[in-house]
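Hi everyone, thanks for coming.

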Amino acid sequence: ALIMTATTLAQFGTKHIAKGIGRLTTQVMESGSGSYITMVGGRKMLDFTTGIGVANLGHCHPAVTKAAQSQVGKLVHGQVNIAFQKPYLDLVESLIPLMPHKSLDTFFFWNSGAEAVEAAVKLARHATKKQNIIVMQGSYHGRTFGTMAMTRSKTIYSDGFAPLMPGVFSVPFPYCAQCSIANHSDGKYNFQNCCMDPLLQLELLLKRESAPSDTAAIFIEPVLGEGGYVPPPAHYLARLREICDKNNILLVADEVQCGFGRTGKMFAVEHWDVRPDIMIMAKGIANGFPLSAIVSRKELMDTQKPGTMGGTYAGNAVSCAAGVAVAKAFQDEKILENVNARGAELKATLDAAKADLGTGAVIYDVRGLGLMLALECMPGHGYASKIQAKCMEKDMLVLTTSIYDTIRFIPPLNITKEDMAKGCQIIKEAIDEVAAGEKPAETRMR
């Protein structure tokens, strides 16, 4: 093979890889270690994207790497429809004590988050004998045909791919910073005192559009992901649980992005002590190995006939072995303590930028939990992309998100105090420079 430079590699990729993939940069990743990615050519970048919330324990975590290396020499593909395999069973055993409610005791593993969402749809429809699904405006559930119909964060994901799966209805998520009632209430309503209009809209939907007798489940990301890293106000999820119970509707928590320690608790629903009927996991579950899961109570899972669930690669043995090491690392390395300590430092940096007379002019909202934090900029100026580009100039990777002008910060959950301080300094400088009107040289590639 030809020895390619970073430039020729990028040209090769642009020529031969599907154009439908958007990407942040045309640089070529070569290796990752902890909180850093090294590009072909040697450029080392602090990674506040973690592969969109996947390498939660940092790149190439030693214990996860070791577990996967060991498993590769033992059994790679233990097909789930043929027999049980040990890593799959070990992972179930490792996850049961981490579940947010003791009723969540029966698992099904798949490969991707979107597949797991579809597994949850199959379970919800089959178990309830009802077909309609309610999702949140601003939600992201995937790009497959079922999940395209459920994703309501941006039109790009389903633009031109209709007809989509029928039977999906949407209601507003309590995004207080963008709530027209709150914004016209002279300060009466806000995140601390939510008007709870989204619950009223849900009640109206159940009366006008999808009767409870036709509604199988409500799917919600406990913290909105692609929609802008929006945590719900205090009592919202508990009230949602009550509406589900009253109407015999299943509550499905999509914890693909907010699960596995990202918000400072193992799963985001724990912040509000709400029990989901089905919970969806992926991303951080195996620190980069393809794996996803749904968990529910046995009585629901047992309604499905053998043969209705499965998949060639479902619950891959190497991915499961990596997942066992991830679960153990959370305990051994006190990961959640670090999330809360480092999260407070990053949030303080963002809060200070918003409070500052100079930089506050470009910042609309700061929000999030743990190390799932967002900086929403004043609309109409492209500030988020400019701040992102400034961060990249300073050798740091960050992502934007949402239809609103928002940057999301997704650093490794075990990031050191030193690397967090370095990241905070870069973010502060980037915001300062954009607020002062400097144009970034390195713009993101789309």
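Let's begin with helix α13: eight of its 11 residues are buried, so the helix is largely enclosed by the rest of the structure. Please keep in mind throughout that this is a predicted model.

Which residues of α13 are the buried ones? They are Y383, A384, I387, Q388, A389, K390, C391 and M392. And what do they pack against? The buried residues of α13 lie against the strands β3, β12 (372–377), β13, β14 and β15, and against helix α14 (417–435).

Now follow the chain out of the helix. K394 sits in the loop that links α13 (383–393) to β13. Is K394 buried or partly exposed? K394 has a relative accessible area of 21%, and the cut-off for buried is under 20%, so K394 counts as partly exposed. If we set aside neighbours within four places in sequence, K394 touches I426, E429, A430 and E433. For a sense of distance, take K305, which is 89 residues away from K394 along the chain: their C-alpha atoms are 55 Å apart. Also just after α13 comes D395, which has a positive phi of about 65 degrees.

β13 runs parallel to β3 (residues 44–47), and two bridges join them. If you want to find one of these pairs on the screen, look at D47, whose bridge partner in β13 is L397.

There is also an open sheet of four strands with the order β11-β12-β15-β14, and here the pairing is antiparallel. β11 (363–369) and β14 (399–401) are at the edges with a single partner strand each, so one side of each has no neighbour in the sheet. From one strand to the next, the twist averages 25 degrees. Between β14 and β15 (residues 406–409), which run antiparallel, there are three bridges. Here you can look for L399, which stands opposite R408 in β15.

Let's finish with helix α11 and two helices that pack on it, α3 and α4.

How do α3 and α11 meet? Helix α3 (residues 62–72) packs with α11 (residues 317–332) at an angle of about 150 degrees, and the axes are 8 Å apart. The two are therefore roughly antiparallel, and their crossing is right-handed. From α3, the contact uses A63, V64, A67, A68, Q71 and V72, while α11 brings A317, V318, A321, A322, A325 and V326. By class, the residues of this contact are 11 nonpolar, one polar and no charged.

Then there is α4 (residues 86–95), which packs with α11 at about 25 degrees, with the axes 8 Å apart. That angle makes α4 roughly parallel to α11, and this crossing is left-handed. On the α4 side we have P87, Y88, D90, L91 and S94, meeting A317, C320, A321, G323, V324 and A327 of α11. This contact divides into eight nonpolar residues, two polar and one charged.

That's my tour, and I'm happy to take questions.

Conventions:
Residues numbered from 1 in each chain as written. Predicted model: local features only at pLDDT ≥ 70, side-chain atom pairs only at ≥ 80, totals over all residues. Heavy atoms only, no water. Axes fitted to C-alpha atoms, helices over the stretch in contact; angles between N-to-C directions. Parallel < 35°, antiparallel > 145°, perpendicular 65-115°, else oblique. Left-handed = near helix turned anticlockwise from the far one by under 90°. Contact = heavy atoms within 4.5 Å. Nonpolar A, V, L, I, M, F, W, Y, C, P; charged D, E, K, R; others polar. Pairing = 2+ DSSP bridges. Buried < 20%, exposed > 50% of the residue type's maximum accessible area, 1.4 Å probe, protein only.
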